[in-house]
Amino acid sequence: MTPERYRRLRDVLDKRQPDLTVLMENVHKPHNLSAILRTADAVGVYEAHAVNPTGGVPTFHDTSGGSEKWVYLRVHPNVDEAVAHLKERGFTVYAANLSERALDYREVDYTLPSAVLLGAEKWGVSPRAAELADADVVIPMMGMVQSLNVSVAAAVILFEAQRQRLASGLYDRPRLDPLTYRRTLFEWAYP
Ligand code: SAM
């Protein structure tokens, strides 16, 4: 471990946001899951969540850029358990969902603990997940095609969250509790 590498790990950990996350509901294509994790890494998500239809460990694609090493992924057996887990930790769950009740994604305050729920490639957010979410958010669409690719939708919303968090200084000081910070630094430095 060179001093430069150690400093780099610390710089990244200093910006991790334990209160910003994504929940991927049955996002089953490895390249989409991987692209979302890569964006999650870029905005400082510490731990991402997935409900995996096969129940197994999700597989990654080289579109991840290796981000699965830096963003923890917690897999839940179903959406009820996933949302309960997030709500117990104080997250507001925003379903990225093209519904009538959806707010424009820019109207939400992502400086508060926020989880962005993304739906399956073909079917979108399930009715049960939409029922459990606190609110729906939508990225306005003005073209012929009804929806974005799920990883693109994740990026648009997560970078709005990053913009808001930068403006309110949430990247200016470490946000992880000291024990988690030290443990993660050790795991990253000596995998
Ligand atoms: N037919 C599906 C539907 O009606 O939801 C389309 C699914 S879309 C390809 C996959 C996921 O990407 C959606 O469940 C949603 O989470 C996200 N998504 C795509 N476009 C979106 C948009 N314009 N606003 C919000 N979320 C979007």
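Predicted model: local features only at pLDDT ≥ 70, side-chain atom pairs only at ≥ 80, totals over all residues.

Residues are numbered from 1 along each chain as its sequence is written, and side-chain values use heavy atoms, with hydrogens and water left out.

**Helices α1 and α6**

- The axes of helix α1 (residues 3-14) and helix α6 (residues 178-189) come within 10 Å and cross at roughly 140°, the axes being lines fitted to C-alpha atoms over the stretch in contact, with angles from 0 to 180 degrees between N-to-C directions.
- The two helices α1 and α6 are therefore oblique to each other, given that angles under 35 degrees count as roughly parallel, over 145 as roughly antiparallel, 65 to 115 as roughly perpendicular and the rest as oblique.
- Contact (heavy atoms within 4.5 Å) joins Tyr 6, Leu 9, Arg 10, Val 12, Leu 13 and Asp 14 in α1 to Tyr 181, Thr 184, Leu 185, Trp 188 and Ala 189 in α6.

**Helices α2 and α5**

- Helix α2 (residues 30-43) and helix α5 (residues 150-167) have axes that come within 9 Å and cross at roughly 10°, and α2 and α5 are therefore roughly parallel to each other.
- In α2, Asn 32, Ala 35, Ile 36, Thr 39, Ala 40, Ala 42 and Val 43 meet Val 150, Ser 151, Ala 154, Ala 155, Leu 158, Phe 159 and Gln 162 in α5.

**Ligand surroundings**

- Of the 18 residues around the ligand, those that come nearest are Ala 96, Gly 119, Gly 124, Ile 139 and Leu 148, where a residue is near a molecule if one of its heavy atoms lies within 4 Å of it.
- An oxygen atom of the ligand lies 2.7 Å from a backbone N or O atom of Ala 96, and a backbone N or O atom of Val 125 lies 3.5 Å from an oxygen atom of the ligand.
- A polar backbone atom of Lys 122 is 3.4 Å from a nitrogen atom of the ligand.

Definitions and conventions:
Helix = DSSP H or I, 4+ residues; strand = E, 2+ residues; numbered from the N terminus. Polar contact = N/O pair within 3.5 Å; in protein donor to acceptor, adjacent residues only side chain to side chain.
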